[in-house]
Every structure is written in C-alpha cells, then in structure tokens.
Amino acid sequence: VQSLAFINLFHGFSSSWLVYQVVQMRYNLWRTKSPQSMRWTDHLNCFLVSTPISYTCFLCFLACTEDLAWDLLIDQDYVPLVSQNVPAPLQGLSRSVMVSVLMLPQLAHYFLDAFIWKLGPQNP
C-alpha cells in the first residue's frame with residue numbers, strides 16, 4: 001500500500017510540474033507578444049506561476065481547502081476531534097450536490113491527464 005501511495009504522489013508531482021512548466025512558458029510568450037491583451041485574471045495566474053514556491057503554495061491551499069470541505073461537510077472524520085461545535089453532516093439532496101461539487105477537482109484531474117500526457121506540436 002505504501003508503494004501505491006508513493007506512485008500516486010509521484011504522479012501528482014510530475015503532473016503538477018509539467019503543468020507549471022507549460023503554463024509558465026505560455027505566459028512568458030504572451031507577456032512578450034501582446035501584454036496589453038492580458039486581463040487582471042491573467043496577471044493573477046501569471047503571478048501564481050511566477051515561482052515554483054507560489055505555485056506549490058497555491059496548490060497546497062486548494063488541496064487543504066478541498067480536504068477540509070470533505071471532512072466538514074461529508075465525512076467528519078477529523079474535524080470533530082478538534083472542535084465540538086461541528087454542524088451535522090449534510091444529508092439527502094444537499095449531500096449529493098456537495099459530493100458532486102467536491103469531486104470536480106478529481107474529474108478535472110483525469111481530463112487534464114488525458115491532455116497533459118499527449119505530447120506533440122500543439123502540446124509541448
């Protein structure tokens with residue numbers, strides 16, 4: 001089981017690093033060719049990939065937020081150990097909707113994997 005965890009971690013690291021490199025390259029190209037067309041969201045994204053540390057911190061923030069939402073709203077494995085004022089887990093339709101929303105990062109991950117690992121002229 002530990003070897004599977006290592007493979008999963010390595011897979012996530014390599015995917016994240018590849019995304020970082022490609023996005024940074026494309027933003028650098030965009031900044032040199034037509035910086036006037038960049039919106040504020042593009043500048044924010046450009047900042048997030050400006051260094052590996054900012055990119056990693058942002059990914060860790062997203063991962064911790066997602067994990068906290070899963071634990072607080074659905075599972076309640078760890079949050080009740082830390083606090084006694086925990087709302088009851090969601091039930092019924094609201095639980096189904098929240099599980100669907102929270103599983104979107106995993107779904108996006110699979111679609112990104114299908115794109116990331118196809119190298120060619122359109123996807124360096």
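Predicted model: local features only at pLDDT ≥ 70, side-chain atom pairs only at ≥ 80, totals over all residues.

Student: Where is the place of Gln 76?

Tutor: Gln 76 sits in the loop between H3 and helix H4 (79-82).

Student: Let us turn to helix packing. At what angle do helix H3 and helix H5 pack?

Tutor: Helix H3 covers residues 52-75 and helix H5 covers residues 92-102; they pack at an angle of about 165°, and their axes are 11 Å apart. An angle over 145 degrees counts as roughly antiparallel, and H3 and H5 are therefore roughly antiparallel to each other.

Student: Is the crossing of H3 and H5 left-handed or right-handed?

Tutor: H3 passes H5 in a left-handed crossing. On the H3 side, the contact is made by Glu 66, Ala 69, Trp 70, Leu 73 and Ile 74, and on the H5 side by Arg 95, Met 98, Val 99 and Leu 102.

Student: Which classes of residue does the contact of H3 with H5 have?

Tutor: By class, there are 7 nonpolar residues and 2 charged residues in this contact, and no polar ones.

Student: My last topic is aromatic rings. How many aromatic pairs does a search of the whole structure find?

Tutor: The search finds 3 aromatic pairs. In one of them, the rings of Trp 17 and Tyr 20 have centres 5.2 Å apart and planes at 35°, so the pair is tilted. Both residues belong to helix H1 (residues 2-33), where they are 3 residues apart and thus separated by about one helical turn.

Student: How are the rings of Tyr 20 and Tyr 55 arranged?

Tutor: Their centres are 5.2 Å apart and their planes lie at 40°, so this pair is tilted. Tyr 20 lies in helix H1 and Tyr 55 in helix H3, so the pair ties together parts that are 35 residues apart in sequence. Tyr 55 is buried, as is Tyr 20.

Student: Which residues form one aromatic cluster?

Tutor: Trp 17, Tyr 20 and Tyr 55 form one aromatic cluster.

Terms used: Residues numbered from 1 in each chain as written. Heavy atoms only, no water. Axes fitted to C-alpha atoms, helices over the stretch in contact; angles between N-to-C directions. Helix = DSSP H or I, 4+ residues; strand = E, 2+ residues; numbered from the N terminus. Parallel < 35°, antiparallel > 145°, perpendicular 65-115°, else oblique. Left-handed = near helix turned anticlockwise from the far one by under 90°. Contact = heavy atoms within 4.5 Å. Nonpolar A, V, L, I, M, F, W, Y, C, P; charged D, E, K, R; others polar. Phe/Tyr/Trp six-rings, centres within 6.5 Å; stacked < 30°, edge-to-face > 60°. Buried < 20%, exposed > 50% of the residue type's maximum accessible area, 1.4 Å probe, protein only.
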